[in-house]
Amino acid sequence: MKKNSLSTYLLTLLLLLDLTSAFALTSITAGDMEITSNLMTFHNQVYVARGGLKAIQKDSVLTADRGIYDRDLEIVKAIDNVKVVQPGSVLTSDYLEAYVKEDRILARGNPRLVRIVERESNDESGEASVKKTRVILTCNEVEGFNRENRFLAKGNVHVIEVPYREGETEEEALENEASPILDIKCESLELFSEEDKAIARNNVEIITETLRATGDKTIYLDRENRMIIVGHAHAFQTSTEKGSNAEQVSELYANKIIYYPEEDRTIAVGDVHATVYPASGGKSKKDKDKDKKKKKKKKKKEEKSEVAESGSTIEEIPEGLPAGDYTQIPAEGSVIEATIDEEP
């Protein structure tokens with residue numbers, strides 16, 4: 001390359017760098033939000049952050065690969081690898097809009113909200129202890145109202161709760177999430193952070209180790225360790241018979257079902273109908289698992305013999321019961337019903 005050509009090239013490069021720096025901003029203020037980026041350009045009241053985006057507002061930190069801030073509308077749009085960190089919670093998504101004046105966010109594209117929950121409980125000796133769990137929420141979109149400390153999740157809402165493990169790897173976390181202690185599905189869910197309250201609506205399904213329940217709406221009061229299921233409330237609950245290790249399943253229909261997860265206790269209120277399906281053998285689950293194959297063979301023979309001798313039919317065990325080895329009950333005289341009008 002000739003000397004004159006090289007000089008011209010260097011001069012052009014310097015001019016381009018000066019022109020870029022003239023339009024580039026590293027930090028701007030939007031209301032009480034501070035937005036920073038490695039490379040930010042400005043045109044017609046719109047800032048475009050191409051070199052990463054970081055926005056800090058009070059105790060909330062938003063980061064993303066890139067973003068846009070519209071000064072007229074006062075809206076921040078974060079794109080790709082979006083993360084919002086707040087005390088006790090982390091929200092991730094592919095896309096997020098932050099409305100500065102309203103102090104509101106709207107996340108779409110695989111939103112996932114993770115919260116660390118602490119609960120006080122008493123052990124067998126009566127001493128108080130703190131139990132930490134991790135709650136993971138996924139849905140179609142999440143709306144956060146920061147002034148109200150409220151989240152609203154919509155569409156295919158799925159919530160699981162797992163034991164909290166400090167420093168677990170991603171693989172350990174996935175393994176932990178495969179066996180949740182609480183599993184909730186619904187169409188919409190409101191979370192109230194300060195009140196530790198959640199309200200699930202429409203086609204609500206709740207699954208724990210001993211409970212499978214459905215209803216139109218469920219109110220979860222975390223501090224009170226209480227779930228209130230209302231509207232076509234229906235539940236299957238596994239319990240242990242007093243004086244033995246034998247398990248039984250109770251099927252409940254009621255106007256309202258109240259469940260206490262820590263105590264594994266259920267109260268049905270209003271127009272209650274209950275059916276009990278006792279487990280066989282009076283043995284513990286561990287003992288029953290050992291001779292499960294033998295019992296299945298014996299069970300088939302007994303059912304065939306009973307039908308042949310009495311000519312009666314055997315009631316089918318309903319689908320959806322929690323795992324267990326249950327004895328089928330003859331159709332006549334086998335249903336236990338109860339009506340409870342008031343909560344004890």
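## A tour along the paired strands

Start by selecting Y95, whose bridge partner in strand 10 is R108. What you have open is a predicted model, with a mean pLDDT of 78 for the protein and 70% of its residues at 70 or more.

Select V76 here, and then A98 in strand 9, which is its bridge partner. The hairpin of strand 8 and strand 9 has two residues between the strands, and G88 takes a positive phi near 85° in it.

Is strand 13 enclosed or open to the outside? Five of the five residues of strand 13 (residues 141-145) are buried, so this strand is largely enclosed by the rest of the structure. In a regular strand, side chains alternate between the two faces of the sheet. Colour E141, E143 and F145 for one side of strand 13 and V142 and G144 for the other, and you will see that both faces are covered, with all of these residues buried.

Continue to strand 14 (residues 150-163), which runs antiparallel to strand 13 and is joined to it by five bridges. E141 stands opposite K154 of strand 14, and the two strands form a hairpin with four residues between them, where N149 in the turn has a positive phi of about 50°.

Next, show the largest nonpolar core, which has 55 residues and in which I35, V76, L96, L137 and L189 are those with the most contacts inside it. Strand 15 (residues 182-192) gives the most to this core, with five residues. Select L189 and display its surroundings: beyond its neighbours within four places in sequence, L189 is in contact with residues including L137, F151, V157, V159 and I199.

Finish with two stretches to read with caution. Over residues 9-25 pLDDT stays under 50, and the model has ten contacts beyond four places in sequence for them; over residues 281-290 pLDDT also stays under 50, and there the model has 14 such contacts.

Notes: Residues are numbered from 1 along each chain as its sequence is written. This is a predicted model: local features need pLDDT of at least 70, side-chain atom pairs count only at pLDDT 80 or more; totals for chains, interfaces and linings use all residues. Side-chain values use heavy atoms; hydrogens and water are left out. pLDDT is the predictor's confidence in each residue, from 0 to 100. Contact means heavy atoms within 4.5 Å. Buried means under 20% relative accessible area, exposed over 50%, partly exposed in between (1.4 Å probe, protein chains only). Two strands pair if DSSP finds at least two bridges between them. A nonpolar core is a set of buried Ala, Val, Leu, Ile, Met, Phe, Trp, Tyr and Cys residues joined through side-chain atoms within 4.5 Å.
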